[in-house]
Structures are given as C-alpha cells and as structure tokens.
Amino acid sequence: MHEDRAARYSRGAIWFHWTIAALILVNVFIGLFHDSFGDGMRGASMNYHKAAGILILFLSFGRLAWRLAHRPPPFASHLRRWEAWLAHITHRLFYFLMIAVPLAGWLYVSASPRVRPLSFFGLFDIPPLPVGRSEGGADFWHEAHELLAFATIGLVLLHVAGALKHQLIDRDNELGRMIPRLGRGRAARQVESPDP
Ligand code: HEM
Ligand code: HEM
C-alpha cells in the first residue's frame, strides 16, 4: 500500500493537471467552433476564450513551479524504454505548449490593429503586451497561435491514446497515478506479484 501511495502524483500536481486539462479542452472547442455559434454567443464565447487562456497561462507558470519543486513519481519499472521516453517528451512538450499557446494568443490580440478591450471575466482589463500593432505582426502571431494549438490537439490525442492503452490493454492502472482512488493498490500489486 505504501509503495502504491508513493507511485501517485502529489495532490497539487493532480489538481493542476485536471484543472488545466479541462480549461484547455473547452478553449480548443471554442477556438475551433466559435464561427458556427449564433451571433450573441460568438463574441461572448471568444471573450471567455481569451480570459480563460490568460488564466491557463498563469496557472501553467504555477504548475511549472510546482513541478520543479516536487519530484514526480518514477515511471513504473515495467514500462518499456521507448514508452518512458515518449511519455517524458510528451510531458515536456505539454509544459512548453501550455505556456506558448496562450502567450501567442495574447501576442496576437496585442499586435492586432483592431484594438479591443481584453477583459478578465469582467473583473478588470488585461493590458496588451508591449508589441507594435500591425497587420503583419497580428498575422504572424495568429499563425503561431493556430499552429501551436493544433500541435497541442495532436499531443492530447497521443497522450489520451497512451493513457487508454495502459488502462485497457496493459491494465497497469497508469490512470491511477493521476486519478486519486482509482483502483487503489492495483498497479503496485500487479507489477510486483504477477499472476502465476
Ligand atoms: C491554452 C489556451 C488556448 C488554446 C488551447 C487556444 C486554442 C485556439 C484554437 C484551437 C483556435 C482556432 C484556431 C484559429 O482559428 O486560429 C483559437 C483561436 C483564437 N484564439 Fe486561442 N487558444 C488559447 C488561448 C488564447 C488566448 C490567451 C487568446 C488571447 C488573449 C486567444 C485568442 C484567440 C483568438 C482571437 C482566436 C480567433 C482567431 C480567428 O477567429 O480566426 N487564445 N485558439
Ligand atoms: C489538455 C489536456 C491534457 C494536458 C495538457 C495534459 C498534460 C499532462 C502532463 C504535462 C503530464 C505530466 C505531469 C508531470 O509530470 O508533471 C500528464 C500526466 C498524465 N496525464 Fe495528462 N494531460 C491532459 C489530458 C489528460 C487526459 C484526458 C487524461 C486521461 C485520459 C490524462 C491522463 C494522464 C495520466 C494518467 C498522466 C500520468 C502519466 C504518468 O504515469 O506519469 N491526461 N498530463
């Protein structure tokens, strides 16, 4: 039981993981489909998209600080070398994208010649980043935002496929590392004493 508890991410890491994951998934959905929303919803959903994106940016700084201060649980010893390597690269890329995607979005609206207030959920206005306003600059950051967001979508698909493979095919309860109480004890027992 003790080994199992040690093999789980810390409460803070789990909180950051699921809060940021939920916010990113909603933001991807709004980013992709806002054009097909009705007239009233389009503007409101994009205002939410921008404010939630800034929230993701600052939560990600907090998460990175947490990650640097808390050693994650070691990968299970039965993982093949390429699996551990792929998970490691995916996680690092996620940390980069969680910061780069919203930053590019913020740079995009800051560079746009169409000046619009950037409100943080109606509480206060977020200042533009100090970049000059020009069509060229706005186009560049729009492209960057879009490309990085699509890279995030690809990485999420890979990440979820990996989590499902471990859960459904390998049945090693990898998800239990990120979901407290899920099949408590199963992972450690399976790895340490496989059925005869
Ligand atoms: C992690 C956070 C974010 C994610 C995952 C995300 C994702 C996306 C996606 C997938 C699109 C559609 C691709 C496109 O049309 O360019 C999009 C569009 C957009 N995003 Fe974000 N975004 C995030 C944060 C932000 C932030 C912080 C801002 C600005 C402060 C922002 C501003 C925009 C704008 C203005 C568009 C619309 C572009 C258009 O209508 O063509 N995004 N976003
Ligand atoms: C936008 C969505 C997501 C992002 C950005 C994301 C990001 C991450 C990152 C960065 C880690 C590594 C944590 C660290 O070492 O600090 C991680 C771990 C993990 N994630 Fe996600 N995740 C997302 C969605 C999901 C979903 C939907 C699932 C479940 C199907 C999932 C399951 C897991 C699991 C099980 C781990 C632990 C992997 C291990 O054993 O080390 N994640 N995720």
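This is a predicted model: local features need pLDDT of at least 70, side-chain atom pairs count only at pLDDT 80 or more; totals for chains, interfaces and linings use all residues.
1. The axes of the two helices come within 8 Å and cross at roughly 150°. Angles over 145 degrees count as roughly antiparallel, and H4 is therefore roughly antiparallel to H5. In the contact of H4 with H5, the residues divide into 19 nonpolar, nine polar and three charged.

2. Stepping back to the overall fold, the protein has six helices and zero strands. Along the sequence this reads as α-α-α-α-α-α. The protein has 196 residues, of which 34% count as buried.

3. Now to ligand 1. There are 22 residues around ligand 1, and those that come nearest are Gly31, His34, His49, His142 and His145. Helices H2 (11-33), H3 (39-69), H4 (81-111) and H5 (135-170) each supply at least two residues of this shell. By class, the shell around ligand 1 holds 12 nonpolar, eight polar and two charged residues.

4. Which atoms of ligand 1 lie 2.7 Å and 2.8 Å from side-chain atoms of His49 and His145? For His145, a polar side-chain atom lies 2.8 Å from a nitrogen atom of the ligand. His34 brings in an oxygen atom of ligand 1, which is 3.1 Å from an N or O atom of the His34 side chain.

5. Ligand 2 deserves a look of its own. It is surrounded by 19 residues, the closest being Tyr9, His17, Tyr95, His159 and Arg177. H2, H3, H4 and H5 each give at least two residues to the shell around ligand 2. That shell is made up of 12 nonpolar, three polar and four charged residues.

6. The polar contacts of ligand 2 include both oxygen and nitrogen atoms of the ligand. One oxygen contact involves Arg67, where an N or O atom of the side chain is 2.9 Å from an oxygen atom of ligand 2. Glu174 has a polar side-chain atom 2.7 Å from an oxygen atom of ligand 2. On the nitrogen side, His159 has a side-chain N or O atom 2.7 Å from a nitrogen atom of the ligand.

7. To tie things together, H4 and H5, the roughly antiparallel pair, each supply at least two residues to the shell around ligand 1 and to the shell around ligand 2.

Technical notes:
Residues are numbered from 1 along each chain as its sequence is written. Chains are lettered from A and ligands numbered from 1 in the order in which they are written. Side-chain values use heavy atoms; hydrogens and water are left out. A residue is near a molecule or strand if one of its heavy atoms lies within 4 Å of it. A polar contact is a pair of N or O atoms within 3.5 Å; within protein, one must be able to donate a hydrogen and the other to accept it, and residues adjacent in sequence count only if both atoms are side-chain atoms. Helices (H or I, at least four residues) and strands (E, at least two) are DSSP runs, numbered from the N terminus. Ala, Val, Leu, Ile, Met, Phe, Trp, Tyr, Cys and Pro count as nonpolar, Asp, Glu, Lys and Arg as charged, and the others, Gly among them, as polar. Axes are lines fitted to C-alpha atoms, for helices over the stretch in contact, and angles run from 0 to 180 degrees between N-to-C directions. Angles under 35 degrees count as roughly parallel, over 145 as roughly antiparallel, 65 to 115 as roughly perpendicular and the rest as oblique. Buried means under 20% relative accessible area, exposed over 50%, partly exposed in between (1.4 Å probe, protein chains only).
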